[in-house]
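Dear colleague,

Please find below the structure that I am handing over to you. My findings follow directly after it.

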Amino acid sequence: AFAGGGALNVKLNQRIIARPDVKELFVQPASGDSGTAVGAASYVSVARGVPVEKMEHVYLGPAYTNEEVIAACERHPSKPSWQRIANGDTEVPQRIARLLAEGQPVAWFQGRMEFGPRALGARSILGDARSRKMQSVMNVKIKFRESFRPFAPAVLREDVSTFFEMRPNEDSPYMLLVAPVRGEKLLPIESRGEKGLDKLKQVRSVVPAITHVDNSARVQTIDPERNPRFYGIAQAFKRLTGSPVLINTSFNVRGEPIVNTPADSYRCFMHTNMDALVLENYVLLKTEQPEAKEIDVAAYLAEFGND
């Protein structure tokens, strides 16, 4: 079991789990200062004779019902337009998988918020990892940061060893392990004499949006026990495209905290170039919003101390 600031070093974690004498590695997913609360509570519990169960997930934050989502939309001065999806557990994943397969980045707000520094499929922005342009689009037009910044893949746990050099069904639910992309998924680099940071834009694999310059990726595995609806999206996306890999990045812009409430989500959605926002069983399309207009990026970033 590994915690503390050093435990957020994914390459170090991979070195540990690769040792032949290590059979399992548990990394406390909120290994920074906030995680000390978990340690303190665990210590007191054990001291009082109450055993502590293994931490199985990080979905410990607030959640919002469909009724609360609609109430937030109705209170909003912009009067958002939305579409209700009747059967959320089956129809929502299918609808979002289609949007992703069409190349549209999707803002995804579902269930209880994650505890810790990573967005793990509850407050996330999702994209198609197969796209050669998605990394730049999501960085520049959504996150408002440098175009070369890498993204992490979320992959069906049963397919992790098909795309990455990891054991079959190996668990990495907290995005805290790095692994090489498998050789058969790599592509010959079409070099045009790029130098420096331009090399980061080279297409290296069949999932170029999540493949780093050293052909590795910081992997999150998705399973039906921890996050069934996020798992459902990846399953539906695989049925449509043959690929079980999605881009998963935090639902915020550079310098902004990860969104927490439906109101936070709509505000961020309207100030970025995302095409769709999913709030529980409701889908909001940018083209249908009454206040859809040219985005004042500078003004929005200035609210978070960015210029």
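Helices here are DSSP runs of H or I with at least four residues, strands are runs of E with at least two, and both are numbered from the N terminus. On that basis, S243 is placed in the loop that links α7 (228–241) to β7 (245–250). Please bear in mind that this is a predicted model.

S243 is buried, because its relative accessible area is 3% and the cut-off for buried is under 20%. Not counting residues up to four places away in sequence, S243 touches R130, F163, V207, F237 and K238.

At helix α1 (residues 10–17), the buried residues are V10, N13, Q14 and I17. These residues lie on the same side of α1, because the arc they cover around the axis is only 100 degrees. Their packing partners are β5 (177–180) and β6 (216–222). The N-terminal end of α1 is capped by N9, which has a side-chain oxygen 3.2 Å from the backbone nitrogen of K11.

I turn next to the nonpolar cores. The largest has 43 residues, and those touching the most other members are F164, I210, V219, I247, F251 and L277. Helix α8 (residues 262–270) supplies the largest share of this core, namely four residues. Beyond its neighbours within four places in sequence, F164 is in contact with P153, V155, A179, P180, V181, R182, I210, A217 and V219. There is also a second, separate core of 23 residues, with I222, A234, A236 and V278 among them.

With kind regards

Terms used:
Residues numbered from 1 in each chain as written. Predicted model: local features only at pLDDT ≥ 70, side-chain atom pairs only at ≥ 80, totals over all residues. Heavy atoms only, no water. Buried < 20%, exposed > 50% of the residue type's maximum accessible area, 1.4 Å probe, protein only. Arc of directions from axis to C-beta. Contact = heavy atoms within 4.5 Å. Polar contact = N/O pair within 3.5 Å; in protein donor to acceptor, adjacent residues only side chain to side chain. Core = buried A, V, L, I, M, F, W, Y, C linked by side-chain atoms within 4.5 Å.
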